[in-house]
Amino acid sequence: MTYGTPETCETYTNPILNADWSDPDVVRVGDDFYLTASSFGRAPGLPLLHSRDLVNWTLVGHALERLEPAAEFRTPRHDCGVWAPSLRHHDDRFWIFWGDPDQGIFQVNAPEIRGPWTRPHLVKEGRGLIDPCPLWDEETGEAYLVHAWAKSRAGIKNRLTGHRMHPDGTSLLDEGKLIVDGDRIPGWFTLEGPKLYRHDGWFWILAPAGGVETGWQGAFRARDFFGPYEERIVLEQKDTDVNGPHQGGWVRTPSGEDWFLHFQQRGAHGRVVHLQPMRWGDGGASRSGEAGSGGGWPVFGDEGAPVLEHPRPALPPQPPAAPATDDDFPGGRFGRQWQWTANPQDGWATQHSGDGLRLSCVRTADAHDLRRLPNVLTQRLPGTPSAVEVELALHGEEPGARAGLAVLGDAFGWIGLQRGTDGTVHLVHRFAEPVADRERDAGHPRLAPEGRARLRIEIGAGARCRFAHDLGDGPRFSGPVFAATPWRWVGALLGLFAAAPAGTGHAGAASFTEFRIRPL
C-alpha cells in the first residue's frame, strides 16, 4: 500500500504513514531521516524507518530483538512494554530511550541505524516512568533527561521530571526535579510525551496534553534546564478534522526548513502519522497571557492548525515508498513488517526451501482466545479501506488443530481451518467480544475437503470488517460485519496463527502463502 505521494507531485497529503506508528520520533543524520515508534508488547520492537524526503518512508529494521526482562514477555502484554521512544544521534551513535511503565527507563544504542544495537540498559528503575527524552548540550557538554509519569502505575501524572544525565547515557546524576507541573497550568491535564531540544539559547520541551483523542501540542521554554518554563499551545484541532494532534518530534532539513511529525488517534486504526510545516514566530505571549521574555515561539501547521495538504519539503524528489505489507515468505522467512505478540520461541516458524510461511500448531490451553496466544504473527491494520488475502493449508492431523487470518484487538475475529475429531477439515469463522473470555462461531462451518482455503477480510470505513473465503467454488462472505476494536493504547492488528489443544507431541503445521493487501 502507498502512504506517501508520487515524486511528480508538488504537495503531500496527511497522514504520511496511514497505520499505527504510535508516538513517533524523528532525527536527521546527513541527508537521511530516521523514525521510530512505540511497539508495546510486540517483538521485535522499536521499528526503524528511513526516508530521504520526510514523506516516503520504508521500514529498515528493529532496534529491539526481544523485550526484557524476557520472562515478563513470554505471554502477551498488549498495552505494556515499549512506550513512546525518543530517537537521537550523538557521538557518532544512534540512541533510543523509552519507558516501560512497569520497569523503568531503558536505552539502546548502535553505530548504524541497522545495528548492531546494544542490549537494553536500565537507566532508571521504577514504575510509572514513561516517555523519556535525552539531550546532549553540545555547547556545555552537559547531558539531561526529561520524562513523564503514568498515573496507572505511579499514582501521579500531568508533570515532567528532569535529571542531569551521565554523558555516556548509562545513569542519572541526581534524584530528579519537577520542572513542569501541569496542575499549575489552567486547563492542562495529561501532560506527557516530552521531547527535549536546545535552540536559540533556550531549552525547549515539546509535549502534548489533553488526552490522545482530543488534546493539543504544547511548547515549553526556559533559559535553564530546570526552569522556570513558560508554555504555549502550538498545535490543536481548531476547525479541522484532525482530532488531538499529538506527540511527536521536530526535525530540521539540511537547507534549514523545520518540520514536525505527530500522531492522530483514529480508533481501531491506531495512531497515524502526520507531517506539519514548522517555523519560528515572534516572542508573543504565553498561554497565561503574560508577555514572553524574548525570542520566537514555534508555529506549527497553518497558524497552529493541522494541514491536510501542503507543499512538500524542499528535498530531492524520491520515488513513492511505504512500509511493506505484502509477503510471499521466501524460504519460510517473514518480512520486517511482522511482529509476534510476545517474545518468540524456537520452532514457531520453520524455514524451508520453497515459499510460504510454515507455522507450527503450537499446543496451548488458550486456543479459544487469540488475545492470550504469544505465537500470533501480526502487522498493522491499514488505515484506508483495503482487502486482505492469504492462502492457507492446514497440515496438522491433531483433532482441534487450527490456523487462520485474524483481526486482533480487545475484540477479535478470525477465519480459517480446523481439524475435526473425525479427521475432516472445516472452514470456521469465530469471534469474541471484549468482555468474552472465549470465542464462538460467527458463521456456519463448511467442509474443506482439500484442507486449504483462500481467506479474505475486507476492511471498510470505521474499520468494519467483512470476512470471506474461497474453497475452490468461488468467494463467499461469512457472518455479519465485525467492527475491529483497539486495545487501550494499541490499534487493532492483522494476524496469522496456528494452534492446537494442550497435549504432548508435535501437532503439525499450517502453511500461509501469497499474503496481499489491496485498496478497496
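**View 1. Cys465 and Cys133 are both buried****.** Cys465 has a relative accessibility of 0%, so Cys465 counts as buried. Cys133 is buried too, with a relative accessible area of 0%. Here, buried means under 20% relative accessible area, exposed means over 50%, and partly exposed lies in between, using a 1.4 Å probe and protein chains only. The structure holds 0 disulfides. A disulfide is a pair of cysteine sulfur atoms within 2.5 Å. This is a predicted model, in which local features need pLDDT of at least 70 and side-chain atom pairs count only at pLDDT 80 or more, while totals for chains, interfaces and linings use all residues. Residues are numbered from 1 along each chain as its sequence is written, and side-chain values use heavy atoms, with hydrogens and water left out.

**View 2. Four strands form an open sheet****.** The order is β18-β19-β20-β21, and the pairing is antiparallel. The edge strands are β18 (246–252) and β21 (298–300), and each of them pairs on one side only. On average, neighbouring strands of this sheet are turned by 30° against each other, direction ignored. For such angles, axes are lines fitted to C-alpha atoms, for helices over the stretch in contact, and angles run from 0 to 180 degrees between N-to-C directions. Helices (H or I, at least four residues) and strands (E, at least two) are DSSP runs, numbered from the N terminus. Two strands pair if DSSP finds at least two bridges between them. Strands of a sheet pair through backbone hydrogen bonds, either parallel or antiparallel.

**View 3. Strand β19 is largely enclosed****.** In β19 (residues 258–265), 8 of the 8 residues are buried, so this strand is largely enclosed by the rest of the structure. In a regular strand the side chains alternate between the two faces of the sheet. Asp258, Phe260, His262 and Gln264 point one way from β19. Trp259, Leu261, Phe263 and Gln265 point the other way.

**View 4. Bridges link the strands of the sheet****.** β18 and β19 run antiparallel and are joined by 6 bridges. Trp250 stands opposite Phe260 in β19. The hairpin of these two strands has 5 residues between them, and Gly256 takes a positive phi near 100°. β19 and β20 pair in the antiparallel sense over 8 bridges. His262 stands opposite His274 in β20. This hairpin also has 5 residues between its strands, and Gly267 in the turn has a positive phi of about 60°. β20 (residues 271–280) pairs with β21 over 3 bridges, again antiparallel. Met278 stands opposite Phe300 in β21.

**View 5. The largest pocket holds about 610 Å³ of space****.** A pocket is an open set of points on a 1 Å grid over the protein atoms alone, with protein on both sides within 12 Å along at least five of seven lines; a cavity is a set of points where a 1.4 Å probe fits but cannot get out; lining residues have an atom within 4 Å of a point. Of the 18 lining residues of the largest pocket, Val27, Arg88, His89, Tyr197 and Arg198 lie nearest its centre. Elements that give two or more residues are β2 (25–29), β6 (83–90), β10 (129–136), β14 (195–199) and β18. β14 gives the most, with 4 residues.

**View 6. The second largest cavity holds about 50 Å³****.** The whole structure has 3 cavities of 30 Å³ or more.

Methods: Points joined across faces, edges and corners; volume = space filled by probe spheres on them.
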